[in-house]
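Hi everyone, thanks for coming.

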Amino acid sequence: MSLEQEISRRRTFGIISHPDAGKTTLTEKLLLFGGAIQKAGAVKSSKIKDHARSDWMEIEKQRGISVATSVMGFNYQDIKINLLDTPGHQDFAEDTYRTLTAVDSVIMVIDCVKGVETQTEKLMEVCRMRSTPVLCFINKLDREGRDPFDLLDEIEEKLNIKVRPLSWPINMGKGFKGVYSLYEKSLHLFTPSKTTVEDGVAIADIHDPQLDALVGENNANQLRADVELIEGVYPDFDVNEYLNGRVAPVFFGSAVNNFGVKELLDTFIRIAPPPIARETTLRIVEPNEAKFTGFVFKIHANMDPKHRNRIAFVRICSGKFARGSNYYHVRHEKSLRFSNATAFMAQDRETVEEAWPGDIVGIYDTGNLKIGDTLTEGEKAVYTGIPSFSPEIFKEVLNKDAMKTKQLEKGLQQLMEEGVAQLFTYELGKKKVVGVVGNLQFEVIQFRLKNEYNATVEFVPQNIYKACWISSPDEKKLQEFIDSKQRHIARDKDGKLVFMAESRAWLQMVQDNFPDIQFHFTSEF
Ligand code: G4P
């Protein structure tokens, strides 16, 4: 197969949702369709359930599982699908955001009872920043959910994206009859089932009396009224608007009942984008360029604490990756040999001989690679758009064993390189503050520092609302700002200046008082 053909048959995406909306269930059904797993429960059984407190074993388990399910590659109808996991629940972390920089599109799962929830809002912000195409699956239609029109309004309002339903539910909960595909003009009747998938009945004209016979007169009339309203309110679906991240097509279904999932997948492979051009510091790189390029979007420490080898996840952006080749590590300005790359197929890892744009390869690394690093065949271009985002919870790290200061420094540095959390070092007094997105990360850090680096730490909560990267076209004004806010100025791991804002209101006031200073919520601006 040619490079062009390999590119056009790839779809690399992530599923985003609030915990419990049905991401794991949907993932599993997609894998079943792709023949990547044989029975339901394979993904589910490896999922860690919420616990009030997690113990050490659980943290360890979690790390192992998240490597196993980090990338699931499978084939479906000649299409190579790479599904990247975006961890939710307690393990929701910085790298959940970062993973979204490595996908070409996302499927967003929303629970029809709960509607749009906070975690989805946060993840959607990242998608919007990058204009990532979003396809929406409203799940759990077998339950009494909210009115579908209200749900669509909520998505538009809270997620700040236009929607266009491509299917429409006929009733919900106990009275749920099925969905009408506005895209294919066919009716899919619902039968609760975890395995079988029935073909839809073609109903080209919604006024066809066959519809009344199939779903009952009342439901048929309601559907007609709804469809009329939809056609009147929403513009026709324009695939380019979707590809530009401006419109999210919406599907309804029930993942656990395997209902609506095949339609979602079939439409997804048809309209979702194959790997597209990406920006670097020098130029835009097209995926069909012959030379290999890629970037590291995730680093995962290996399970064996005695060997500090890690797996770096590299997203291939152009050309062909061939095992055993030397590639240029732009940050280190040197050539590295990659003889031990791994491909991710469903839950197995296997050695890979070659990989193509859109694919993810895992590279065993002993400390050379860092998140955001670019690999090329010699060009000094660096992929952009892989920023750090402001964390939400901040705690000071206190060293409880002065004899182990060196170990602590090293451990902190390595954990930060993995993207477990972010470290901010204050200019005054050199106070070290760790910022995370989910609270569990503090336990993970504390445990791993002890276990892998023999360093003991304690965390002290800090009253910080956001870390804002600061800049100004006027150097003098920037210095004046730093001088006047000395106690709140820190540096991130790359030495960039950060203002640690204590509250939203205070930040607003500071912004008003210093109009020449720009405050950024991501490290790339
Ligand atoms: P997550 O990964 O987004 O956190 O969600 P997950 O798939 O684990 O689903 C959360 C719960 O919702 C699970 O129930 C799952 O079975 C259920 N679920 C998923 N899809 C549907 C659906 O279409 N309809 C209904 N009614 N429920 C659905 P659980 O009780 O937490 O787990 P389990 O005991 O069923 O395994």
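What percentage of the 525 residues of the chain count as buried? It is 56%, where buried means under 20% relative accessible area, exposed means over 50%, and partly exposed lies in between, with a 1.4 Å probe and protein chains only.

Before going on, a word on what you are looking at. This is a predicted model, in which local features need pLDDT of at least 70 and side-chain atom pairs count only at pLDDT 80 or more, while totals for chains, interfaces and linings use all residues. Residues are numbered from 1 along each chain as its sequence is written, and side-chain values use heavy atoms, with hydrogens and water left out.

The chain holds 14 helices and 31 strands. Helices (H or I, at least four residues) and strands (E, at least two) are DSSP runs, numbered from the N terminus. Contacts here are heavy atoms within 4.5 Å. Among contacts in the chain with a separation of 6 or more, 72% are between residues 24 or more positions apart.

Let's begin with an open sheet of eight strands. Its order is S27-S24-S26-S25-S29-S30-S28-S31, and the pairing is antiparallel; two strands pair if DSSP finds at least two bridges between them. Strand S27 (457–461) and strand S31 (518–520) are at the edges with a single partner strand each, so one side of each has no neighbour in the sheet. From one strand to the next, the twist averages 40°. Inside this sheet, S28 (residues 466–471) and S30 (residues 497–501) are joined by four bridges, and Lys 466 sits opposite Ala 501 in S30.

Now look at helix H11, residues 405–418. Helix H11 lies across S24, S25, S26 and S27, running at about 30° to S26; axes are lines fitted to C-alpha atoms, for helices over the stretch in contact, and angles run from 0 to 180 degrees between N-to-C directions. Which residues of H11 are buried? They are Leu 408, Gly 411, Leu 412, Gln 414, Leu 415, Met 416, Glu 417 and Glu 418. Just after H11 comes Gly 419, with a positive phi of about 85°.

A second open sheet has four strands in the order S7-S8-S9-S10, again with antiparallel pairing. S7 (167–170) and S10 (201–202) are its edge strands, each pairing on one side only. Four bridges link S7 with S8 (residues 178–181), and Pro 169 faces Val 179 in S8. Helix H8 (residues 217–233) packs on this sheet, touching S7 and S8, and its direction makes about 150° with that of S7.

Finally, let's zoom in on strands S15 and S22. S15 (residues 310–318) and S22 run antiparallel, joined by six bridges, and Phe 313 has Gly 362 as its bridge partner in S22. Five of the six residues of S22 (residues 360–365) are buried, so this strand is largely enclosed by the rest of the structure.

Ser 318 belongs to S15. Is Ser 318 buried or exposed? Ser 318 is buried, with a relative accessible area of 0%. Its side chain reaches the backbone oxygen of Lys 291 at 2.8 Å. The side chains of Ser 318 and Thr 293 are joined by a polar contact of 2.7 Å, meaning a pair of N or O atoms within 3.5 Å; within protein, one must be able to donate a hydrogen and the other to accept it, and residues adjacent in sequence count only if both atoms are side-chain atoms. Leaving aside neighbours within four places in sequence, the contacts of Ser 318 include Val 285, Phe 292 and Pro 357.
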